[in-house]
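Hi,

Here is the model I promised to pass on. Have a look at it first, and my notes on what turned up follow below.

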Amino acid sequence: MSRCATVSRSLDEPVSGTAATATTWLLLEQPGPWGTKALTSSHLDPALGRELDAAAEGTGVRVALIRRPGRHADPGTPAIRQLYAAHTVPGRVWLHSATTRDPARLLGLDFAALGAGDHRSFGAALGGRPHGGDPLALVCTNGKRDRCCALLGRPLATELAASGVRGVWEVTHLGGHRFSPTVLVLPYGYAYGRAEAHTIKEALHGVQEGRVVAEGCRGCSAWERPGQAAELAVRSVAGEYRAGVLSVVRTEGAAPHWEVTVGHADGRRWRVTVAQGASLPPRPESCGAAVLGTPARMDVMAVRELRPTALAS
C-alpha cells in the first residue's frame, strides 16, 4: 500500500499554506514512546496531559512533546526535563527555555498571556529565560499518529543530529503527515514539508542571519492558512526574505475566498487574493485512511502592491 507522503509527492501537492497554526509553542521533554494523542498517550501523566490540553484551548498556545533523536525504548522518567516556549508573531518573536523536575508546574502558566506574546509567567512559574543556544529544528516523528512521520522523520532527525546540527529534537504531531518529513523551525515558527537535511541546515543558518528560507516552506505558524500562503507569495514577488519584516495585517472574507493584506515594516502593503481549492485526484490524507480525500489547498490567485492612496481602502 502506498504511503500518504509518497502519493502526495507524486501528485506534486503544494505545501504552501499548510502549516499548523499557533502564535506560541510550548514544548515539554518527554522521552519514551508516544501514542496517537501524545499528551495523553505517552509516559506523561495522562491527567496532566488532559489539563495542559484544556488550558491551552483557544489561547493560541500549542503544547507539544519533544525528545532527543535516537532510540525510544522506555528510558525511565527523566530527573530534569527541558522546556521551551516560543512566540512566533513577527516583530515580537522570542524563544525562552527552562528546565523542571515537575512537569505539573506548567499548569501555573498564564496560557492566554503566553498566546498573546507575554513570557512573564514562563519566567515566574518555571524560571524561564531567553534561550541563548542554537535555533530549534523540531522533526515530527510521531509514528503512532502516522507511519510516514516515523519512516521519514526519524531518519532525518538522526541524520541532522549525527552531522553535528544542534537544537534538533523529535516532536509530536505537526499536522500534514502527507508532507513528511515535516519540521518546525523556531523561534520564527516557519514549518517545512518534504524536508531534506540540507534545507533544514540552511533554514537554521537563515535564523541566525535573520532570514527565511522559502524552499519547502509551508508557512509561518503565527497566521491562519490563507495568511501563510499570502505571506509566502509576497516574499516571492518582492524578493524579500528577511525575517520579521512581513505581517498579515488583515484577512477579509471566508472560505473559499479571501483578500489578505500583507504589510512590510517599511510601510508597503500588498493585497493578496487567496482561493481554497480541492486537491485532485482524491488521495489518502494519512496512512491507513479508509476513505480517499481531497484536502484543501490554498491557491494564490493575485498579488497586488497597494499604492499609498489605496492604503486607506
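By class, the lining of the largest pocket comes to 9 nonpolar, 11 polar and 6 charged residues (Ala, Val, Leu, Ile, Met, Phe, Trp, Tyr, Cys and Pro count as nonpolar, Asp, Glu, Lys and Arg as charged, and the others, Gly among them, as polar). This is a predicted model, so to speak: local features need pLDDT of at least 70, side-chain atom pairs count only at pLDDT 80 or more, and totals for chains, interfaces and linings use all residues. Residues are numbered from 1 along each chain as its sequence is written, and side-chain values use heavy atoms, with hydrogens and water left out.

Back to that pocket: its volume is about 620 Å³, and of its 26 lining residues, Leu39, Asp53, Val61, Arg62 and Val63 lie nearest the centre. The elements giving two or more residues to this lining are α2 (46–56) and β2 (61–67), with β2 giving the most, 4 residues. Helices (H or I, at least four residues) and strands (E, at least two) are DSSP runs, numbered from the N terminus. A pocket here is an open set of points on a 1 Å grid over the protein atoms alone, with protein on both sides within 12 Å along at least five of seven lines; a cavity is a set where a 1.4 Å probe fits but cannot get out, and lining residues have an atom within 4 Å of a point. Points are joined across faces, edges and corners, and a volume is the space filled by probe spheres set on them.

As for cavities, the whole structure has 3 of 30 Å³ or more. The largest holds about 50 Å³, and β9 and α6 (197–209) are the elements that give two or more residues to its lining. That lining has 8 nonpolar residues, 1 polar and 1 charged.
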